Amino acid sequence: MLKEILLQAEKPARYIGNEINMVKKDPKKADIRIAFCFPDVYEVGMSHLGLQILYYFLNRREDTYCERCFAVWHDMEKLMCENGIPLFALETGDPIRDFDFVAFTLQYEMSYTNIINMLDMAGIPIWSKDRGEDDPLVIAGGPCAYNPEPLADIVDIFYIGEGEVSYDEFLDIYAENKKNGGTKQDFLEKCLKIEGIYVPKFYDVNYKENGEIASFEPNHPDAPRVIKKVIVKDMDNVFYPDKQLVPLIETVHDRVTLEVFRGCIRGCRFCQAGYVYRPVREKSCDRLTELADKLLKNSGHEEISLISLSTGDYRSFEELADRLIESYSKDSVSISLPSLRIDAFSLDLMERVQAVRKSGLTFAPEAGTQRLRDVINKGITEDEILSGCALAFAGGWNRVKLYFMTGLPTETDDDLMGIVKLSEAIVDKYFEIPKEDRKGRPVSVTVSSACFVPKPFTPFQWCAQSTIDEFTRKQRLVKTSMTRKQVKYNYHEPHLSSLEGVMARGDRRVGKAIYRAWELGAKFDSWSELFNYDAWVRAFKDTGVSPEFYANRERSYDEILPWDHISIGIDKDFFIKEAEKAKAGEVTPNCRKECAHCGAARFGGGVCFE
Amino acid sequence: MNNEGVNNNIKYRLEFSKTDRMIYIGHLDLLKLFHRIIRRAGIPIAYSCGFNPHQLTTFAVPLALGISSVGEVLDIQLKEYMDCSELTERLNAILPEGIEILQSIELEGTADNCASALRYADYCVMFDGKLDGIEKAVDDILSSEEISIERTVKKKTKTINMRPLIRSIICDNDGENTELYINIATGSMGNLKIDVLLEYICSRLGKEFCFEKTDILRGTMYTEYKGELLPLCLEEEFM
């Protein structure tokens, strides 16, 4: 039966597992069975580093079998529904509804409808309150878990922070409770003592008449008032897999991923990752080269990618790059370096690692004028961009990609015109090169603008997001002002960003709208060909949830925010100070230049103690 | 191709199976998988010289997704000699379940590669249920001189005579399911796709052929030597 269905599906290999380095265990001997669920298609999920780490981390426990499960594409979903096949895990093909835990990673807000869809396909009741003793416990973690509230009535347990820290204690307690015949309720109560664990049902929310939160109170004596994120202090001695799942089909990234450090020193004010992963914690050069060696040997990959939020900020970057080039260039292993700032050093390095192919260079000025870049604390100047481009053009690169955002706080039309001016200045830079020295194809500059989404745990968490009409007007202004034929302008669909704005800062009431949108057919929202905006418009109407209240409203500093009971270790006062500095256009130096006293030093490690 | 510094004489031929979950992997992905496995196993594979060096491997013929096989053949060129059984063992140790090297042999440097040597392949087919009257249909096919079918390739429809491409069909209709044992032309000198043949057989019975419900297994692949069929993967002394 399954064969017949698989042969009708578009890419059957998405659903069969069996990859190189897949963990095989006897499920009967595992006391704890976990389905690690990535709420998007296989090719996207398999390129996610967190999955690779946690998969081997959890499976290193003898009592635990962690399997994988991805959202199935709509063709396969139809086939499974018609034939009554519930959602299954790839390793054993067993239905995930029979597992102890169904664990979702929340990487982007627009995957929430897929979570509901996966639970439904699995035959698991969607609302937490409707699940009984025989249903799995639903856990969620990852960056979007820092504002868990939109999913608080669906997910039983949120894990706040880095998985390596508390999962062992968590699973030990679960195994003990199961052995002693304890109930789910018993286990959930015991969870309240574990750091980084948030169990929403032990908290009650009350609202004011104007829709703001009036109070957020624990309803269980053991429930902590504030749930603190947990992080790894020593990156060298923390678990890191020495192998990687190697897919049998092409995925988004087919390569060894080497995590160089966590966190970011930069403090860009729009960037949630830059705050929630604080403080910066590096791996040593020795540890990284040791891991690179094992990972390449155990995977057979021909590309290694150095991953972090800003790889150029790694203190031993030059040494690491030299060592990797020396060890692997003869084995035709290529080294990819995402997240690099462009300067003479990095260009030289790219020349060495890429050998022949000169792909495009990417800059992320984010804003068009220095004034606005100061507001968002993006420490890159026009001079740096232009001199970087000049160097690159002289070195034979001739394609440049620029990333901007529209709708940033305090933005004016002058700032938008700045996007146009900067793009044209880059084209001019190219034509400064004498004609006889220009190599290859003529210059092309691709400008992309995303729509700014204010995120929790940033200084902009109180800001109003631009409306869809405003975004559209802004994009049109930039588009019509771009006159040079060498410049191509792309922009993001504002409807999707606007919804993301609702989810990102939503509270528990938003969950009903997500559920209703799913009922009306929304899923795979981040796939433009499947995005169903009308379903969302109706869902908001049907549930009485006002998207404007969440996306387009400016909050006051004393309003209780839906995520106030979560602590990322950064003081709220620091965010208020940063928000005020932003309004005044004042920059904050990066963590290595000068400590801004954000509060992250309380973790007792990383850059705060370098 | 100029493959400087490569000893062109060290060649091995591997015969492997592709079954179970691995039948859902297409040919290009299989190619990539072998490249990775060969690297991972630390096999001293030879690379082409040039702008984008690639491993010197040749597959006899692609296998369509959904068909199992116990007779796939792959030639590889190495930089140094290796013991055949060690080659087999090292690859099998890391190959995913469903792909297994059945044997490796050393090739003479001057031997034709498997793709150009290939002429015929065996297939074993099991239908979903019993097809009444299939014995007669098979007899009719084998006793006719010409069977014209229309094939559409790259939007052009042409008529081909399928009969010379069929060497033998043996029918077993005694069990619950109809089984066929088929030997047909395969490779660059003449190629008949198994699903095309099965579709034709079913159409003669007035039935629709359902690929998804049919178990198809490819068996041994052959070359032709002095009018005789010889397995592609055969030790020298038998030649």
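Trainee: Which exposed residues does the face of H15(A) turned away from its buried side carry?
Mentor: Asp469(A), Arg476(A) and Thr480(A). This is a predicted model.

Trainee: What makes residues of H15(A) count as buried?
Mentor: The label needs 20 or more other C-beta atoms within 10 Å. Phe471(A), Lys474(A), Gln475(A) and Val478(A) carry it.

Trainee: How do you know that they are on the same side of H15(A)?
Mentor: They cover an arc of only 95° around the axis, and that puts them on the same side. In general, an α-helix has 3.6 residues a turn, so residues three or four places apart point the same way.

Trainee: What covers the buried residues of H15(A)?
Mentor: Several elements of chain A, including strand S16 (399–406), helix H14 (413–431) and helix H16 (494–504). Strands S17 (444–451) and S18 (487–491) are also among them.

Trainee: How does the span of H15(A) compare with the expected one?
Mentor: Helix H15 (residues 468–481) has 14 residues. At 1.5 Å a residue, 20 Å is expected. The helix reaches 20 Å from its first C-alpha to its last, close to that value.

Trainee: And what is the span of H13(A)?
Mentor: Helix H13 (residues 382–394) of chain A has 13 residues and reaches 18 Å, close to the 18 Å expected. Its buried residues are Ile385(A), Gly388(A), Cys389(A), Ala392(A) and Phe393(A).

Trainee: Which residues have the most contacts inside the largest nonpolar core?
Mentor: Ala35(A) and Phe36(A), in a core of 214 residues. Helix H5 (residues 112–122) of chain A gives the largest share, seven residues.

Trainee: What makes Glu67(A) a contact of Ala35(A)?
Mentor: The test is C-beta atoms within 7 Å. Glu67(A) is in contact with Ala35(A), so the pair meets that cut-off. Other contacts of Ala35(A) include Cys69(A), Ile96(A) and Phe99(A).

Trainee: How many residues of chain B are in contact with chain A?
Mentor: 20, against 18 residues of chain A. Helix H1 (residues 27–40) of chain B gives the most to its side, six residues. By class, that side has ten nonpolar, two polar and eight charged residues.

How values were computed:
Residues are numbered from 1 along each chain as its sequence is written. Chains are lettered from A and ligands numbered from 1 in the order in which they are written. This is a predicted model: local features need pLDDT of at least 70, side-chain atom pairs count only at pLDDT 80 or more; totals for chains, interfaces and linings use all residues. Two residues are in contact if their C-beta atoms, placed from the backbone, lie within 7 Å. Helices (H or I, at least four residues) and strands (E, at least two) are DSSP runs, numbered from the N terminus. Ala, Val, Leu, Ile, Met, Phe, Trp, Tyr, Cys and Pro count as nonpolar, Asp, Glu, Lys and Arg as charged, and the others, Gly among them, as polar. The expected span of a helix is 1.5 Å times one less than its number of residues. A residue is buried if 20 or more other C-beta atoms lie within 10 Å of its own, exposed if 12 or fewer, and partly exposed in between; C-beta atoms are placed from the backbone. The arc is that of the directions from the helix axis to the C-beta atoms. A nonpolar core is a set of buried Ala, Val, Leu, Ile, Met, Phe, Trp, Tyr and Cys residues joined through C-beta atoms within 7 Å.
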